[in-house]
Every structure is written in structure tokens, then in C-alpha cells.
Amino acid sequence: MTLDVARIRQDFPILSRDVRPGVPLVYLDSTATAQKPVAVIEAMNDFYRHSNANIHRGIHILAEEATALYERGREHVAKFIHAPAVKQIIFTRNASESINLVAYTWGRANLKSGDVMILTEMEHHSNLVPWQMLAAERGAKLAFIPVTGDGLLDLDIYRKLLKQNPKLVAFTHMSNVLGTITPAAEIIRLAHAAGAITVVDGAQSVPHLPVDVQSLDADFLAFSAHKMLGPTGIGALYGKSSLLEAMPPFMGGGDMIKAVHLESFTPNAIPHKFEAGTPAIAEAVGFGAAVAYLTGVGMEAVAAHEQEIIAYALERLEEIPGVRVLGPSAGKKGGVAAFVLEGVHPHDVAQILDHYGVAVRAGHHCAQPLHEKFGLPATTRASFYLYNTRAEVDKLVEAIYGVKKIFG
Amino acid sequence: MDDLYREVIIDRYKTPHYRGRLDPHDIAFEDDNPLCGDHIAVTLRLDGDNRVSAAAFDGHGCAISQASADLLMESVVGKTLDEVKALTKQDVLDLLGIELGPVRLKCALLSLKVLKAGAYGLGEANDELVE
């Protein structure tokens, strides 16, 4: 299964722009946010041109069309991750809000003083800070699965931590810095055997790998549209129906209620119980279009292409004197290469790369504890998606040699 | 590019003239740029007329932040504390001799922010010091 990358690139208008006259864009920052295909841009445009109305309210034709389009977006997303039922997809603003939703509702209802939550040392701040806040509020404790020197999770220690009878295990399915693809099914199986529920941060895995919540047996899965070719402003939370139905509502307002009286209310059924107020309607339409686009390409093919690109990138980067790439070797990671270049700060690397049209991220990538673990204040990160080519890897390497030249 | 990474900036980054911490000192302050993790510590010694007799910076960060700190320390030696308090964003940009976008401007101005917070004896640095 090889992708016709040249054909795919034509679907992404931004990829044909120059960043400055004569300098074409080499976009290697999809882990921060992915570019958008015409299908997504047009779907959102069409919605505003032809069908815009508020949803779940009006009787008129526009309201009916808008409601149907919004719910079709949900259907696409549910099918994409193999959710048993469409109602198990809750639209949120992003993966962070999805995780916060679980912390504020399931967490507050179920955590008490002294309870243990297990996280990992490689979490993005979005799957760390909500649990820190919950732990502080409830007097609960956090324990962490360590990251090994080669960027893998230490499952032996995890098995020992499980003896503390944790209530919850929250972990990333793919590290946004190391690229590590974690053994999610195994982590979940062990958590369930210990009586814990699981929250999977799928912000990086859902865009890049085939993800099946049923074969994983995940209790919750959080992800964002904008990292998977969709718009910003919308994300999703998948949850098991029994959990979602038992959880109290998240935010109060319109649409999340069945009935309201002056002193009380009855919450709506899932998923609406968790979607207070007018949601991001056009964004849900765009999210659905993004998922349909990825499904059309095939997630197996996307993942295989990224495996090929990252293997090539690691090979080329590691031949540059002074470059060290973090994380596991090819085959154990997705299309993420965070690296350090000896003697040059990542901000300077990124600035000079930009001169070559190469867009990367520099910093701690919202994973400060992980950087502390490796003794690095920051790294430069190149990340790849279905539209990236080997020629772009070559351009990255050429630009890094340019950095070395300036810094002597 | 050649403008941004002028020779003086690369030189001062690689071989700073004012790196270190003065002990003893009369003024000391340090702060981070939370966005990028850059860190600058400034120590100053004053003579009897409240004039800077020695200045040093320590910390880590990109070439722009470290070179601007080094050039800034050089420029304050001999200045009175009131003159230090009156330093502006433009003074730092003149020292660097480059123009910067909003993100890199924060790198360049971290040392000025730390210096002025120390000079005023403030408990914390704020962005108004470098407006």
C-alpha cells in the first residue's frame, strides 16, 4: 500500500504556497496542527453558504439540514474509531477539553482522598494538568509509569504500580515528542485487571494510526479534529456508554437538558448531556469531512507511509554530526522526530530552518516534565503526515547543515 | 537571515564577555521566559555614586537572548541606576542591530526585563518594564 503523495498534495492548497518569493513551504509541523484538504474547506464553506442554522431547535428547513449535517459529522467520527454507537461520541473543543470533561465529571464523582491515578512521564500537559487539579481537589495521589532512556514505557514498573489499586490509568497512545507508540491494548488490559478505568490520549494516534476503541477496550479516548486534517475548535471524547450515562453533566446550559424548572433540571441523554450551548456546527461538518477524507485514503496506508518517511528521516538525521534524535528507533514510533543539535538552541535551529521554508516546532512541546527527564530545556521537532515526501526530509537535512554553517 | 544572525550575535553567543554571577553583588534578579524556557540571571555591583561598576548574566537560551544579555551587560557598566531604569526596548534593539518579530522580541528583551526588575527592586518582572 503506497500512497500517491503527489496526488494527495494537490488536495492541500497551502502546500503549494511559497513562504517567501521562490522559497516553497516544507511543512513539518503536523503534530502541532495538520493542514486542511479542499474537501474540508469546501464542506465548511458549503455549510455556511447553504445550510447555516442553529441545531436541535428550529423547525425550518435550514435547521433540519444543519442538524442532520452536524449529526452526520458525529456518525463519521464514530465509525472512524469503530465506536459501537454514534451516541458515544461527544463533541468538545479539543482533546484537552475531552480529558477535562472526564476529570470534572467522572473524576469528581468517583475519586476520593487517598485514591491513586496512574499517568506516564511522557504525557502532554493536557493529560497531566487536569489530573493534577483533580488530585489536589480530592486529595488523590498521582503515580507515573517511567520512560526508559530509549523512550519506551517501563511496563514492569507499571505492573508494580497497579498493586496500589488505582482508580484510573491515563496515558498517551502516541507521544507528541518521542513519537513512541505505546502498547495501549496491553496497558488497558492490565488496568482493567486491577479494577481501574482508562483514559487514552489519542490526540496523536487517531490522526496517524488505525484506532479501534473496541479492540483496545478503551473506556475513554480523547482526540482533536485539527490534528487530523479538520478545523480547530472541535474535538471529541469517546466513552463507554455505561460510564457516560452514569456521569454527571459537565457544563450547564441549553441543549444538555431534558427539562428545566426554576430550581432544578433533568439532564438530556448522551451525547447531548455533555454538549451545553450552541456547539461548533460548521466545525463538526468539517471534522466529518476530514474523517471521510482519511477513510478514503485508508488509515493503514497513512500509517505505512509515515513509517517509511520516519525511517528515512531518522537515517538522514542521524548521519548529521552533532544531531541526536530523541525516542525509540523506527518501527516503534510514529512520524515525529524531536532532536537536538549540539551547540545550537532549538529556537535558533527553527528560525534558520524557516529561512529555508522548513516549518518545524521548537520548545518543550507542552511536555515539560519529559524534557526535564532528558535534561533538555527544549528540542526542535519535525513531524510528518500523509502529504510529506522524502524530498522534504532532504530539504530539512540541507537546512540543518545551513544552521551548522552559521553557527560554525 | 544573515541580518538576524549577525556575526556579533553568533560571537557573543559562543564566547560571551559578561557571563557569570558576581559575588558579592548589590543587585540580583532572575526570571524565565515561560514560553521557551529561556532563563536569565543578572547580578550588578554598584559604586558609591550608585553607578554600575560590574555586571554579569547567567542562564541559558537561544543566541538572540544570550547575545542580547551579553551586550546589555556591557552597555550598563558605568551607567547610574537611574539610567539603567530608563533603558528601553529600542536600546536593546540598537545594541543587537536587528529587527525582530513578536516571538523573538521576547527572547531579546528577557535580559532587559530581568535587569530593570532588579534595578527597581521589584519582586517580579513584568512586561511593562520593556514596553
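This is a short chat about the two chains of a predicted model.

Me: Before we start, what are the ground rules for numbering and confidence?
Reply: Residues count from 1 along each chain as its sequence is written, while chains are lettered from A and ligands numbered from 1 in the order in which they are written. As the model is predicted, local features need pLDDT of at least 70 and side-chain atom pairs count only at pLDDT 80 or more, but totals for chains, interfaces and linings use all residues.

Me: OK, chain A. Which domains is it divided into?
Reply: Domain 1 (42-296) and domain 2 (298-406), with bounds from an automatic or database domain assignment. Their centres, taken over C-alpha atoms, are 28 Å apart. Each side gives 22 residues to the contact, where contact means C-beta atoms, placed from the backbone, within 7 Å.

Me: And what's on the domain 1 side, by class?
Reply: 10 nonpolar, 9 polar and 3 charged residues. Nonpolar is Ala, Val, Leu, Ile, Met, Phe, Trp, Tyr, Cys and Pro, charged is Asp, Glu, Lys and Arg, and the others, Gly among them, are polar.

Me: Is strand β14 of chain A mostly covered or open?
Reply: Mostly covered: 5 of the 6 residues in 336-341 are buried, that is, 20 or more other C-beta atoms (placed from the backbone) lie within 10 Å of their own. Strands here are DSSP E runs of at least two residues, and helices are H or I runs of at least four, numbered from the N terminus.

Me: Which strands does β14(A) pair with?
Reply: β13(A) (323-325), antiparallel over 3 bridges, and β17(A) (379-383), antiparallel over 4 bridges. Pairing takes at least two DSSP bridges. Val325(A) is bridged to Phe339(A), and Ala337(A) sits opposite Ala382(A).

Me: Switching to chain B. How many of its residues touch chain A?
Reply: 11, against 12 residues of chain A. The chain B side has 8 nonpolar, 3 polar and no charged residues.

Me: What's the strand order in chain B's sheet?
Reply: β1-β2-β3, an open, antiparallel sheet of 3 strands. β1(B) (27-33) and β3(B) (52-60) each have a single partner strand, so one side of each lacks a neighbour in the sheet. The twist averages 15 degrees from one strand to the next.

Me: Which helix lies across β2 and β3 there?
Reply: Helix α2(B) (63-76), running at about 170 degrees to β3(B). Axes are lines fitted to C-alpha atoms, for helices over the stretch in contact, with angles from 0 to 180 degrees between N-to-C directions. Helix α5(B) (102-120) also packs on the sheet, touching β1, β2 and β3 of chain B.

Terms used. A residue is buried if 20 or more other C-beta atoms lie within 10 Å of its own, exposed if 12 or fewer, and partly exposed in between; C-beta atoms are placed from the backbone. Two residues are in contact if their C-beta atoms, placed from the backbone, lie within 7 Å.
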